[in-house]
Amino acid sequence: MKNVKLDIAKTGIEISADIEAKAQTANALLHSGKGAGNDFLGWVHLPSSISENEIDAIRKEAAKLRSKADVVVCIGIGGSYLGAKAVLEAMSDPFKLLHKEQKDPTVIFAGQNISEDYTAELLAALKEHSIAAIVISKSGTTTEPAIAFRLIKAEIEKRYGKKEAAERIVAITDKARGALKTLATQEGYPTFVIPDDVGGRFSVLTPVGLLPLAVAGVDIAALVRGAQEMEKATAEGVAFKENPAAVYAAVRNILYNGGKKIEILGSYEPKLQYINEWWKQLYGESEGKQGKGIFPASVTLTADLHSMGQYIQDGERTLFETIISVAKPAAEVLIEADGENLDGLNFLAGKRISEVNRMAELGVQLAHVDGGVPNIRIEIPEISESVIGGLLYFFEKACGISGYMLGVNPFDQPGVEAYKKNMFALLDKPGYEEASKAIKARL
Ligand SMILES: O=P(O)(O)OC[C@H]1OC(O)[C@H](O)[C@@H](O)[C@@H]1O
């Protein structure tokens, strides 16, 4: 697959016929729909099922928000946040806001925490801008985004009136259930549906990811195109060695069973930092259950070599590393010669920054391998919408395969409820009276 080249040579692993067969069976199970959690397999064929009309409808709504607001607040958490955030960061100039001219509205995020300071500073900054909001929640009942939306909705209504608020707020939620659906219907907000059979962490290629990205000026058709190509490249019937998702899942499985319990995803391109965060939810919620699962961690390089490098090189040998390696930077910056050479860097004169970055990457790879950290390399040709779309689907497909190989249902997240019950009990939510008494006694 040209957009995702998987190199497992530095893991030192030979994949046995048995593991290969297990990976192929797991992939076939995703396609047959006979495995655990099979009511959440809508993402498998999602890319190829997105129609031009759907893309057009999303673009149309995005154009409306773009025309009305210079800041669009995107409210959501977990799978209703991380996909859009990840792609937006990957596709954005990190210094965009320093430019005097802004051609696209700024998409910012809320509802991904319950920090009073974050909320206060956000509301204060919004005062200086025309605003709109996209509120996203599959269940329609998640506390963090609901609180943020209550405040942003009030701000929009106060400024523009209720009628205009319905032109500036878009809801993305379940087709029928949940408080957000009821509210959106009552207030007359335009609404996009998150399909029943697509779980939050697999929803980046639904309006959940696509609408905020279209508002920000990201080419969503290219994103989807890249995912469609990857859907084909990882389909059932593709030979194991040709299917990067199956190979990645198989190698992870072997490493895990050999005692490597922590996977560190990293990249030498800081723009990909939130791809790591999106990936952590995808793999953490899908695999971390029944006392099992690789713990997904991440680093941004080379920054974290100066903080986590020591541990990775020399700490507990329970780690392996997966590096997303970008073959071609979009820009070119040369290191110049300096007459005085006081910093001693003239040996780098005439080289591109990316050459130094590449040598850092290759040097680190060998050092970590020598230190007992197997290294998986995922090479992508560039950071573009279609490549990122392919990368997202690659990780999703590999996650489904990997979860089935591990023997868990990769599509539920029962463990997430425990903290919610405690929080509601502590906040005296109606219906939690008994739990409230019990938990307060434990404080
Ligand atoms: O989209 P929502 O229903 O608001 O859910 C947002 C997030 O909340 C959770 O508690 C789940 O663990 C996540 O899987 C989900 O993505």
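The model is predicted, so local features need pLDDT of at least 70 and side-chain atom pairs count only at pLDDT 80 or more, while totals for chains, interfaces and linings use all residues. Residues are numbered from 1 along each chain as its sequence is written, and side-chain values use heavy atoms, with hydrogens and water left out.

The protein chain holds 16 helices and 10 strands. Helices (H or I, at least four residues) and strands (E, at least two) are DSSP runs, numbered from the N terminus. The radius of gyration is 23 Å, close to the 22 Å that the globule rule gives for 443 residues, so the chain is as compact as a globular protein of that length. This radius is taken over C-alpha atoms, and the globule rule is 2.2 Å times the number of residues to the power 0.38. Along its principal axes, the C-alpha trace spans about 60 × 60 × 55 Å.

Contact means heavy atoms within 4.5 Å. Of the contacts with a separation of 6 or more, 78% are between residues 24 or more positions apart. Buried residues make up 48% of the 443 residues. Here buried means under 20% relative accessible area, exposed means over 50%, and partly exposed lies in between (1.4 Å probe, protein chains only). The accessible surface comes to about 20600 Å², and 55% of it belongs to carbon and sulfur atoms. These areas come from the Shrake-Rupley method with a 1.4 Å probe; for residues, only the protein chains shown count as cover.

In soluble globular proteins, nonpolar side chains tend to be buried together. A nonpolar core is a set of buried Ala, Val, Leu, Ile, Met, Phe, Trp, Tyr and Cys residues joined through side-chain atoms within 4.5 Å. The largest such core has 92 residues, and L391 and F395 touch the most other members. Helix α14 (residues 385-406) gives the largest share of this core, 13 residues. Leaving out residues up to four places away in sequence, L391 touches V4, I275, I324, I378 and I380. A second, separate core has 20 residues, among them A110, I131, I152 and A165.

Several single residues were also examined. Q365 lies in helix α13. Q365 is buried, at 10% relative accessible area. Beyond its neighbours within four places in sequence, Q365 is in contact with K10, N375 and R377. S384 sits in the loop between β10 (375-380) and α14. S384 is also buried, at 12%. S384 and A222 are 162 residues apart along the chain, yet their C-alpha atoms are separated by 8.5 Å. L345 belongs to the loop between β9 (319-326) and α13 (353-370). L345 is partly exposed, at 38% relative accessibility. L345 and E14 are 331 residues apart in sequence and 41 Å apart in space, C-alpha to C-alpha.

Most residues other than glycine have a negative phi, and most peptide bonds are trans. A cis peptide bond joins L301 and T302, with omega about 10°. T302 is in the loop between β8 (295-300) and α12 (309-314). Q290 is not a glycine, but its phi is positive, near 55°. Q290 is found in the loop between α11 (273-287) and β8, and is exposed at 60% relative accessible area. D428 is not a glycine either, and has a positive phi of about 60°. D428 lies in the loop between α15 (417-426) and α16 (433-441), and is partly exposed at 47%.
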